[in-house]
Amino acid sequence: MNRHFVKAMAMGVDLMASQASHGGIYTDDLGRCLVAHTSEQDRIQLVRWIFLVAALHPAVSDISQVGNTERDKADRDMAGLMVRLMTDSCGKQTHDAVQYEGPQAIETSFGTLGQVAMRGLMSEPHVTAGFAGFSKYLDNDKLKAVMAPAK
């Protein structure tokens, strides 16, 4: 039973990392282009940047100490990646998406790239094992009872 909860937890994190909005055909084209033109290293860079930004939230800032130098480097790297993708790699798709579907196409398309990058992070064996950590504390008897068929 514990592995079902671990899978559910991993899926929940994946859903939290994803964007609920969907774009039109030009936004979808841009999203596909962004994914196609990023390397594994680019995606790791994106995930690191997302982590550093999320670490600013007061609820987790006490468990993640990131210096201004590291944060500034991540911001610079992210800006460079974004400009490269939007101009060099996917310039036509960026233009068309914004032209026909508005500036929110950028957010939605990068959300697609973020989903792909987060899936890569979540599928790494150490991360997958980390998700299983809480399962040793589950009260399986209580969980079985609440999920039992009604009598």
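A crossing of two helices is called right-handed if the near helix is turned clockwise from the far one by less than a right angle. The term is used in the legends below, which describe a predicted model.

**Figure 1. Crossing of helix 4 and helix 6.** Helix 4 passes helix 6 in a right-handed crossing. The axes of the two helices come within 13 Å and cross at roughly 110°. Angles of 65 to 115 degrees count as roughly perpendicular, and helix 4 and helix 6 are therefore roughly perpendicular to each other. On the side of helix 4, the contact is made by Met 82, Leu 85 and Met 86; helix 6 contributes Ile 106, Phe 110 and Leu 113. By class, this contact of helix 4 with helix 6 has six nonpolar residues, with no polar and no charged ones.

Figure 2. Leu 34 has its place in helix 2. The relative accessible area of Leu 34 is 0%; the cut-off for a buried residue is under 20%, and Leu 34 is therefore buried. Leaving aside neighbours within four places in sequence, Leu 34 is in contact with Leu 85, Cys 90, Ser 109, Phe 110 and Leu 113. Among these, Leu 85 of helix 4 and Phe 110 and Leu 113 of helix 6 also take part in the contact between those two helices. Leu 34 and Ser 89 are 55 residues apart in sequence, and their C-alpha atoms are 7.8 Å apart in space.

**Figure 3. Pairing of helix 2 and helix 5.** The axes of helix 2 and helix 5 (residues 91–101) come within 8 Å and cross at roughly 155°. Angles over 145 degrees count as roughly antiparallel, and helix 2 and helix 5 are therefore roughly antiparallel to each other. Their crossing is left-handed. In helix 2, the residues that meet helix 5 are Ile 25, Tyr 26, Thr 27, Asp 29, Leu 30 and Cys 33. Their counterparts in helix 5 are Gln 93, Thr 94, Asp 96, Ala 97, Tyr 100 and Glu 101. By class, the contact of helix 2 with helix 5 has six nonpolar, three polar and three charged residues.

**Figure 4. Helix 3 and its packing partners.** Helix 3 (residues 40–54) has 15 residues. From its first C-alpha to its last, helix 3 reaches 21 Å, close to the 21 Å expected at 1.5 Å a residue. Its buried residues are Asp 42, Arg 43, Gln 45, Leu 46, Val 47 and Leu 52. The buried residues of helix 3 pack against helix 2 (25–36), helix 4 (68–89) and helix 6 (104–122).

Note on methods
Residues are numbered from 1 along each chain as its sequence is written. This is a predicted model: local features need pLDDT of at least 70, side-chain atom pairs count only at pLDDT 80 or more; totals for chains, interfaces and linings use all residues. Side-chain values use heavy atoms; hydrogens and water are left out. Helices (H or I, at least four residues) and strands (E, at least two) are DSSP runs, numbered from the N terminus. The expected span of a helix is 1.5 Å times one less than its number of residues. Buried means under 20% relative accessible area, exposed over 50%, partly exposed in between (1.4 Å probe, protein chains only). Contact means heavy atoms within 4.5 Å. Axes are lines fitted to C-alpha atoms, for helices over the stretch in contact, and angles run from 0 to 180 degrees between N-to-C directions. Angles under 35 degrees count as roughly parallel, over 145 as roughly antiparallel, 65 to 115 as roughly perpendicular and the rest as oblique. Ala, Val, Leu, Ile, Met, Phe, Trp, Tyr, Cys and Pro count as nonpolar, Asp, Glu, Lys and Arg as charged, and the others, Gly among them, as polar.
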